[in-house]
Amino acid sequence: MAKRSRKAGTSRYRPSDKFKKTLLGGGALVVLVGLNAPAAYSFASEKYHAYKIAQPGYKRQYGSWAMLDVPQQYRTNAIHAALLHSGKVLIIAGSGNNQKKFDEGSFDTILWNPADDSFKKIPTPEDFFCAGHSQLPDGRLLVAGGTARYEVLDGEVSRAGGGMRVKNENPDRGHTFKKGTRFRSPSGVEYVSTSDVTVPKAKKEFKVGYGKSGRMLPWQTKVTAGEARVFVEAVDKGPQALTTQAAQYEILGLKGKDADNLYGLAQKLTTEKQDFQGIKSAYEFDPRAEKYVPVDPMREARWYPTLVTLDDGKVLAVSGLDDVGAVVTGDNELYDPKTKKWSQGPTRYFPTYPALFLTKGGKLFYSGSNAGYGPADKGRQPGLWDLKKNTFTKVDGLTDADQTETSASLMLPPVQDQRVMLLGGGGVGESSKATARTAIVDLGKDSPAFREGPRLPQGTRYLSSVLLPDDTVFTTGGSSDYRGRSASDILKAQFYEPATNSFRPAADPTVGRNYHSEALLLPDGRVVTFGSDPLFNDADNTKLGTFEQRVEIYTPPYLQGDKGKKENRPDLGKGPDRLDAKGRATFRTAHPDRIAKARLMRPSAVTHTTDVEQRSVELTLSKSKNAVTLEAPNDRAVVPPGWYMLFATDKAGVPSEAKWIQVT
C-alpha cells in the first residue's frame, strides 16, 4: 500500500512496488522522477484513487459509480426527473434556465429507458421550467405551472413595471386582452402587458331589503367587478414611468361602455428587481402514448409550486410565484384526475417548493424544507396541516431552524413508522450558511417534536436523498455554499441506517451536484443522478458556471459482484399487476424461502431537492411451497393510489428487480 511520511518539514510520497507495477507500468520511472513535486503527487494520488475504487472489495463495501453515455442530441439541462410506470425516466428541462431558449420558445423533454439506454425527444408544448409534478392514480404524471417570464435583476431593469389589476364592471360578459395591450396613466404614461389576460364578467347579486316596520323594500342590485392580474411594463424607458401611487389606468382601444366598464388599477410600478413569473397551464404526461395531454389550467399561475398526491387520488397544488412574480398568498387548489379540473383548496401560505408529506389520517406534514422564495419570517415553521379543518399544529425542536432552505426531507422507511427526516440546508436566499444538522420527527407520538440525528460530514445544501429497497437511505452530492459558489460542491455520498441511526460511507461521486440537481431510484435497484447549475466554476468565483449535463449512475453494494447477477437475486416470479380488493397479491416462485422482506416503493418525481412522492411501504408476507402472498396496508393515507415498484429482498438485503403493481 502507498504510504506518506513527514520528515524535516517535507512531505514525500513512497509508492509500494505493487502500486508502481499496477498503476504506472512501463512509465513508472518517468513519473517517479518527479514524485516530490505537487503536480506529480496529485497525479499519483488520482491514479491510486482510480485503482482503489475499481477493486472488487472496495465496490462490495462502498458501491460504484459509472457515467451514462448520453448521445449529444439528447443532452439537456435536467431541471425535473420523474420515474414512470413504464420504467422510463422523464427528464424535463423546459427552457432549462436559459433565457435564450425561453425567448426562442425552445423547450426540452427527454425520455430515457434505463433498460436499454435508449432516448427519445418529447415535444414540449410550454415552458415547464420550475413547474410542479405528481404521480396520478392511473400512472400518468401531472405537470402544472412553469415559466411565463424570466427574472430581471436589480440594476438591469430599464423599464418600470409591476402588477396591474384589470377590472371589469360588465356583468354580461368577460373580456380577453392580448399580450401588448396598452394602459395609460392619468398623467399620460403608457404601459404594455407582457401576456394575455382574461377578465371574468362582474358578479350581479340581487338583494331584498326590509324597512324598520318589517315591510319588504324594492329589489337592490349589487355588482362586484371581475378582476384578473397581468404584468405591465412602460413603453418608454426613463424615470417618468416610475410610480408608487395608486391610480386608475385607461385601456387603449376601448370604446363606449367597454371604456367605462374595463380599466386597470396599479399601486407600484418601479425599476426594482422583477422576479420570475408563473403560468397556469397543466398537462398530464401519458407514459403509454409518450406525450403531454393538456387539461384544465390552474386558477393561479405558479412557478416553483409543490404538487402532492392525497389519499383520495386528488392532487393539491401549493405555493409558487404567480403571474406578476409574487409568492401566492395561500390560495391553494385541488386537481381531480377524474374530471381533469381544478377547485379551491384549503388556504395556507408556504414559501416556494415546500416539502409536504401525506401522513396517516390524511394530514400533510410540512418538514420546513423549501427551495427559495418567500420572507424569512413567514410560512417556515414545520407542522401538521389538517386539510379538512384547515388547521396547522406546529412541530418544534428543530435546531438551525433558520437553515431549512435547500434542505432535503423524506419519510423514513417503512412509511408505517411515520418518521420524517430533514437533512442539511442553508440560510434564506443567497446566504452562505450551510448546516450539517439532520433531524427526525416521529409523527406517531402524541406531541411530536424533532430530535437531532447524526450529523452530515459538513454543512450541506441541495443534498439528494433516495430511499432504497433494503430500508436504507442513500444521500449524495450537494454543496456547502449557495449554488456551489467558490467551488464548494461536495463529492461525497453516504448511507443513513434507520435501524442504527447512523451514517456509513459510500463511494464518492465524480460529478458535483448543487442547484437544479436530482436523484432517483431505478427499477433495477440502482440510483441515477442528474443536473447541477452552479453560479461559478472556480474557487475565485470568476468563471461563470455551466449547467452539468453529465448523468452518473450509482450501483449500491447490494448489487456488486455475484450478488448483482440475475440468477442470484430474489425473484417473485409471475403474479398480478394490481393488488386485489384486500390489498393482496400472490406470486408463483420456486424459492419463496429466499424472500425475507417486500416493499412497495412509490416512484419519484423530483426537482430542487424536493421529492414528496417517494415512500417505502412494508408488506406482510405469507409463504407456501411455491408461492408468496404479499399484503399492503388498507390505508390510502399510507399507500396513496397509483403505480408502485414492488421489491423483494433476501436476508442479506439483496433486492429483486422491481415489478410494477397498481394500487387502486
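Q: What makes Gly-87 stand out in the hairpin of E4 and E5?
A: In this predicted model, Gly-87 takes a positive phi near 90°. The hairpin has five residues between its two strands.

Q: How do you know that E4 and strand E5 pair?
A: Pairing asks for at least two bridges between two strands. Four bridges join E4 to E5 (residues 89-94), so the pair qualifies. The two strands run antiparallel, and Leu-83 stands opposite Val-89 in E5.

Q: What makes E4 and strand E45 count as a pair?
A: The cut-off is again at least two bridges. E4 and E45 (residues 605-606) have two bridges, so they count as paired, in the antiparallel sense. Here Ala-82 stands opposite Ala-605.

Q: Why are both faces of strand E4 called covered?
A: A residue is buried when its relative accessible area is under 20%. His-80 and Ala-82 on one side are buried, and so are Ala-81 and Leu-83 on the other. As for the two sides, in a regular strand the side chains alternate between the two faces of the sheet.

Q: How do you know whether the radius of gyration agrees with that of a compact globule?
A: With 664 residues, a compact globule would have a radius of gyration near 26 Å. The protein has 28 Å, which agrees. Its C-alpha trace spans about 100 × 65 × 45 Å along the principal axes.

Q: What share of the residues of the protein count as buried?
A: Of the 664 residues, 55% count as buried, each with under 20% relative accessible area.

Notes:
Residues numbered from 1 in each chain as written. Predicted model: local features only at pLDDT ≥ 70, side-chain atom pairs only at ≥ 80, totals over all residues. Heavy atoms only, no water. Buried < 20%, exposed > 50% of the residue type's maximum accessible area, 1.4 Å probe, protein only. Rg over C-alpha atoms; globule rule 2.2 N^0.38 Å.
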